[in-house]
Amino acid sequence: RRGGRPPEVETVSLGILSEVVVPQPRYMTTLKNAFKHAWKTNELRLQWLQLQDLPQEIYEMKDLVDLGLMCNLLTAIPVTLCRKVNHLTSLNMYNNKLTHIPDAISSLKLLEVLNVERNHISQISGRICFLNKLRVLRLTGNRVKELPAKFHKLKALEELYADVNFIIKLPAGIVDLPRLKLLILMKNKLKKFPPGIEKLKRLKILNLNQNLLSKFPDGIDSLPALKELSLSHNAVKTMDITFGMGALTTTLEKLWLYGNKLVELPHTFRFLTALKDIRIEHNPMRSPPPELSLLGTDRIREYLEDRIRRTDEIKKILTLQQLRFTPANLTPVSEKVLVRSSSQAAATTAGYLTEEDLAFVDTMVDHSINANYYDYDTTNQEIVDWIIEKKEFRRHEFQKNLLNRFLIWVEWGTMETAEG
């Protein structure tokens with residue numbers, strides 16, 4: 001009565017994620033509707049269609065500006081596409097099976113956005129550097145080991161996503177991209193960042209999480225626009241004192257450093273007044289202590305302010321008492337604070353103090369200025385008073401022992417004379 005049963009259809013195959021692919025009649029309808037829309041708008045979307053080759057009609061669309069081919073089975077960016085459909089400003093081939101970016105990519109002179117994330121790309125033609133209008137390049141989740149040597153020619157590039165790859169070394173020219181605002185290099189094999197990062201004047205977001213870096217990029221404290229810096233899960237051991245004294249003091253809002261080898265934050269860290277989001281968990285951090293770092297940036301600044309005050313105070317008191325010490329040994333762990341001397345009688349050095357005494361001095365100083373110093377009541381003045389009193393006690397003890405030995409020697413000499 002309504003035209004009978006609908007025609008039988010067969011499923012083409014299972015999709016990339018084991019989903020059921022659109023039956024053939026609807027598949028053809030999808031293509032027809034997509035092209036109909038594209039001829040009007042110059043924008044074409046052909047996603048989740050199991051495409052292994054492009055429909056020939058695409059090559060006739062000379063004025064196409066936006067092409068989306070996401071989640072298909074394409075193994076290459078067709079050379080014919082680059083040469084015939086060369087008015088494209090956006091090409092999205094996310095989640096296909098591409099293995100390389102070909103030389104022909106340079107034919108897309110107007111291209112502004114290129115998305116080839118989640119493919120199998122291991123080779124990128126150097127001719128990509130001729131894309132003078134390219135603003136956004138997405139390479140996430142591929143097999144890239146290196147970027148083209150002339151990457152610095154992409155003068156219009158504003159955003160680079162190259163995370164989850166196998167990049168070992170960055171081209172030196174990556175710091176010569178004047179418009180770069182966002183640089184994502186998470187999950188690679190980088191051991192260092194090229195010198196000259198301070199030239200990236202517009203860089204706002206830098207993500208270097210999960211690499212092999214052992215230090216902060218040189219000059220990073222000079223970036224005037226940087227708002228977010230992520231260096232988590234690397235091997236960074238120290239933060240230079242200049243980090244909190246440069247351009248970042250009023251711009252940096254987010255700093256992620258968890259999973260490194262940091263032991264302390266420099267006292268200048270407290271000058272990062274714009275900082276709101278900080279992550280420093282999973283470090284062998286002593287100052288500030290891990291439990292305190294979870295209380296937020298204001299509490300960390302308060303701690304560092306008090307710590308530098310306490311450190312300056314003990315330096316001043318030791319100097320006033322003419323006790324020689326080694327400032328570099330005060331932090332991050334107080335060790336060998338007092339200067340040793342070969343002359344025990346030297347008043348300004350450790351003098352007669354024993355190794356046990358000196359170790360106790362180090363412990364007291366460490367409890368006064370490092371780690372969770374707020375859990376201990378001993379003041380810096382009490383520490384210095386203890387040193388002075390103990391030195392005097394050890395001096396008398398030494399002299400008493402010396403006198404006793406002398407008397408024993410005299411007595412022995414007298415006995416020898418009497419027997420003679």
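This is a predicted model: local features need pLDDT of at least 70, side-chain atom pairs count only at pLDDT 80 or more; totals for chains, interfaces and linings use all residues.

The buried side of H4 is made up of Thr297, Ile300, Arg301, Tyr303, Leu304, Arg307, Ile308, Arg310, Thr311, Ile314, Ile317 and Leu318. What do these residues pack against? Their partners are S13, helix H3 (290-293), H5 and H6. After H4 comes glutamine 322, with a positive phi near 55°.

Tyrosine 303 has 0% relative accessibility, so it counts as buried. Its ring forms an aromatic pair with tyrosine 374, with 6.4 Å from centre to centre and 80° between the planes, an edge-to-face arrangement. Because tyrosine 303 lies in helix H4 (residues 297-320) and tyrosine 374 in the loop between helix H5 (355-369) and helix H6 (380-419), the pair ties together parts that are 71 residues apart in sequence. Tyrosine 374 itself counts as partly exposed, because its relative accessibility is 34%. Together, Tyr303, Tyr373 and Tyr374 form one aromatic cluster.

H5, one of the packing partners of H4, passes the length check too: its 15 residues should span 21 Å at 1.5 Å a residue, and its end C-alpha atoms are 21 Å apart, which agrees. The buried residues of H5 are Asp357, Leu358, Val361, Asp362, Met364, Val365, Asp366, Ser368 and Ile369, and they pack against H4 and H6. Following H5 is alanine 371, whose phi is positive, near 50°. In the loop between H4 and H5 you will find proline 332, and the peptide bond from threonine 331 to proline 332 is cis, with omega near -5°.

A cis peptide bond joins serine 287 to proline 288, with omega about 0°.

S13, also in contact with the buried residues of H4, leads us to the sheet. This is an open sheet of 11 strands with parallel pairing, in the order S1-S2-S3-S5-S7-S8-S9-S10-S11-S12-S13. Strand S13 (277-279) is one edge and strand S1 (43-45) the other, each pairing on one side only. From one strand to the next, the twist averages 5°. As an example of the pairing, strand S9 (residues 182-184) and strand S10 (residues 205-207) run parallel over 3 bridges, and isoleucine 184 has asparagine 207 in S10 as its bridge partner.

The loops between these strands have details of their own. Proline 194 is in the loop between S9 and S10; with a relative accessible area of 11%, it is buried. Leaving aside neighbours within four places in sequence, proline 194 touches Leu170, Pro171, Ala172, Ile174 and Val175. Its C-alpha atom is separated by 7.7 Å from that of proline 217, 23 residues apart along the chain. Lysine 187 lies in the loop between S9 and S10 as well; it has a positive phi of about 60° although it is not a glycine, and it counts as partly exposed at 40% relative accessibility.

Aromatic pairing also turns up in this region: a search of the whole structure finds 7 such pairs. Among them, phenylalanine 216 and phenylalanine 243 form a tilted pair, 5.1 Å centre to centre with 50° between the planes. Phenylalanine 216 lies in the loop between S10 and strand S11 (228-230) and phenylalanine 243 in the loop between S11 and strand S12 (254-256), so this pair ties together parts 27 residues apart in sequence. Both phenylalanine 216 and phenylalanine 243 are buried.

The charged end of lysine 254 sits over the ring of tryptophan 256, 4.1 Å from its centre, while arginine 138 lies over the face of tyrosine 161, 4.0 Å from the ring centre.

Conventions
Residues are numbered from 1 along each chain as its sequence is written. Side-chain values use heavy atoms; hydrogens and water are left out. Two strands pair if DSSP finds at least two bridges between them. Helices (H or I, at least four residues) and strands (E, at least two) are DSSP runs, numbered from the N terminus. Axes are lines fitted to C-alpha atoms, for helices over the stretch in contact, and angles run from 0 to 180 degrees between N-to-C directions. Rings of Phe, Tyr and Trp (its six-membered ring) pair if their centres lie within 6.5 Å; planes under 30 degrees apart count as stacked, over 60 as edge-to-face and the rest as tilted. Buried means under 20% relative accessible area, exposed over 50%, partly exposed in between (1.4 Å probe, protein chains only). A charge sits over a ring if NZ of Lys or CZ of Arg is within 6 Å of the ring centre and within 35 degrees of the ring normal. The expected span of a helix is 1.5 Å times one less than its number of residues. Contact means heavy atoms within 4.5 Å.
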